[in-house]
Amino acid sequence: MEELYKNYLVALGKVEAQINDLGYVQIRGEGKAAFIYASTDTRAIELSKTDKGIWVEFWDGSNEPPEFDKTFTSYETAVKAIRDWLIVD
């Protein structure tokens, strides 16, 4: 179990590096509750790991609740969706 936790933190660091150029990106929370928060002037995301995969909430402005959420099967597909969401023309 500890190895899975270490792998999760490594994965969060890799995701952070892949979206860091888009705006404000930070790993928040501690331990197994760690997650990524990323935002631009108009949109934001929160990414965490669940038993079902990589869960991302997509926020538009300061609206509550999030516009939508989605579970991804890989970090690569999650990063693509995050980049598409945060980069607004």
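Two strands are taken to pair if DSSP finds at least two bridges between them. Helices (H or I, at least four residues) and strands (E, at least two) are DSSP runs, numbered from the N terminus. The structure is a predicted model, in which local features need pLDDT of at least 70, side-chain atom pairs count only at pLDDT 80 or more, and totals for chains, interfaces and linings use all residues. Residues are numbered from 1 along each chain as its sequence is written, and side-chain values use heavy atoms, with hydrogens and water left out.

The protein contains two helices and five strands, arranged from the N terminus in the order α-β-β-β-β-β-α. The radius of gyration, taken over C-alpha atoms, is compared with a globule rule of 2.2 Å times the number of residues to the power 0.38. For 89 residues a compact globule would have a value near 12 Å, and the 12 Å of the protein agrees with this. Along the principal axes, the C-alpha atoms fill a box of roughly 40 × 25 × 25 Å.

With contact defined as heavy atoms within 4.5 Å, 32% of the contacts between residues at least 6 apart in sequence join residues at least 24 apart.

Strand E2 (residues 35–39) has four of its five residues buried and is therefore largely enclosed by the rest of the structure. E2 is joined to strand E1 (residues 24–28) by five bridges, and the two run antiparallel. Phe35 in E2 is the bridge partner of Arg28. Six residues separate E1 and E2 in a hairpin, and Gly29 in the turn has a positive phi of about 75°.

E2 is also joined to strand E3 (residues 43–50), by four bridges and in antiparallel fashion. Here Ile36 stands opposite Leu47 of E3, and the hairpin formed by E2 and E3 has three residues between the strands. Strand E3 also holds Ser48, which is buried at a relative accessible area of 18%. Beyond its neighbours within four places in sequence, Ser48 is in contact with Phe35, as well as with Tyr8, Gly53, Ile54 and Trp55.

Conventions
Buried means under 20% relative accessible area, exposed over 50%, partly exposed in between (1.4 Å probe, protein chains only).
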